Amino acid sequence: MKVIYNFGKGLKGFDRPYAALGIFDGLHLGHQYILKKMLKEASLKNKKTACITFYPHPEKILSSKNIFVHLVSLEHKLRLIEDLGIDACIVIDFNRHFSQIAPEHFIKILKEKINPKAIFVGKNFTFGRGGAGDISLLKDLSKKYNFDVRLIAPLRLNNKIISSTLIRTLITQGKLDLAKKYLGRNVTILGKVIRGKQAGRKLGYHTANIDTEHEIIPPSGVYAARVKIKNKKFNGAAYIGTSPTLHFRLTRPRLEVYIMNFHKNIYGKKIEVEFLKKIRQEEMFSALRELSAQIKEDILYARSILP
């Protein structure tokens, strides 16, 4: 998949592609529904496809509280979009300057840079300064700039509209099975392996510490997990928490994962941790030997329930 930032020089070799516009945070079933609709129609018309997305999320830039956390990082989102078979993705840097662009000016840029044949959007999509551009305006501008509009109704499941906000809430509440239904896949975190305090090694278990700065994480505890490294998958046991027994005084829960039958150095590598089942809550132990014994039990249990 070709990735272009801020439109670059446009999409060379793309003759009036079909394009989907949206934030697509998490690429849940609702997002997939829009993109698959586009892919299907583009295939029938022998057209290439482009996904136009925004990062960071507008709420992270425009909210005065600045507490917004993405469902997935930009790199994770791009991987998910590519997996669907999209030909190109244009990533627009959403900043305060961009947020002030007038709706028609944004559409004019779209026309000049990619000249889309059709634009696919969700029913609640807005664009331009203050979200002033709505579906009605988009349809009016489509006549002026010569493209079709495909309005995709929200996808519902269990009588609820699938949304990133809903899924974000479910994950923070630890309702991962329900979040999975709306995502269309297990909850996962993609992050870089970083150097930690090497506590696992001292306890007899080598673990990989994951940088989760740009992704939402489930509640503290121990989870049976699957770990994807490049194109290979390994079973594992993941821990999220502040390590109270070790008195690290962490201000934010960290993620580390024990990867079964794996002994390579992966510092600096990106790996994906897939959460399959929660094993237990985070606990504080009175002695390190008790913690070490519990970790052994956790790994044995995870091994027994993983395929």
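Buried residues (under 20% relative accessible area with a 1.4 Å probe, counting protein chains only) make up 49% of the 307 residues in the protein chain. This is a predicted model, in which local features need pLDDT of at least 70 and side-chain atom pairs count only at pLDDT 80 or more, while totals for chains, interfaces and linings use all residues. Residues are numbered from 1 along each chain as its sequence is written, and side-chain values use heavy atoms, leaving out hydrogens and water.

**Overall form**
- The protein chain contains nine helices and 14 strands, which are DSSP runs numbered from the N terminus (helices: H or I, at least four residues; strands: E, at least two).
- Along the principal axes, the C-alpha atoms of the protein chain fill a box of roughly 70 × 40 × 40 Å.

**Helix α1**
- Helix α1 spans residues 29-45 and has 17 residues.
- From its first C-alpha to its last, α1 reaches 24 Å, close to the 24 Å expected at 1.5 Å a residue; the expected span is 1.5 Å times one less than the number of residues.
- Among the buried residues of α1 are Ile34, Leu35, Met38 and Ala42.
- An α-helix has 3.6 residues a turn, so residues three or four places apart point the same way.

**Residue Ile171**
- Ile171 lies in helix α6 (residues 164-172).
- Ile171 counts as buried because its relative accessibility is 2%.
- Ile171 and Ala50 are 121 residues apart along the chain, and their C-alpha atoms are separated by 29 Å.

Key
Buried < 20%, exposed > 50% of the residue type's maximum accessible area, 1.4 Å probe, protein only.
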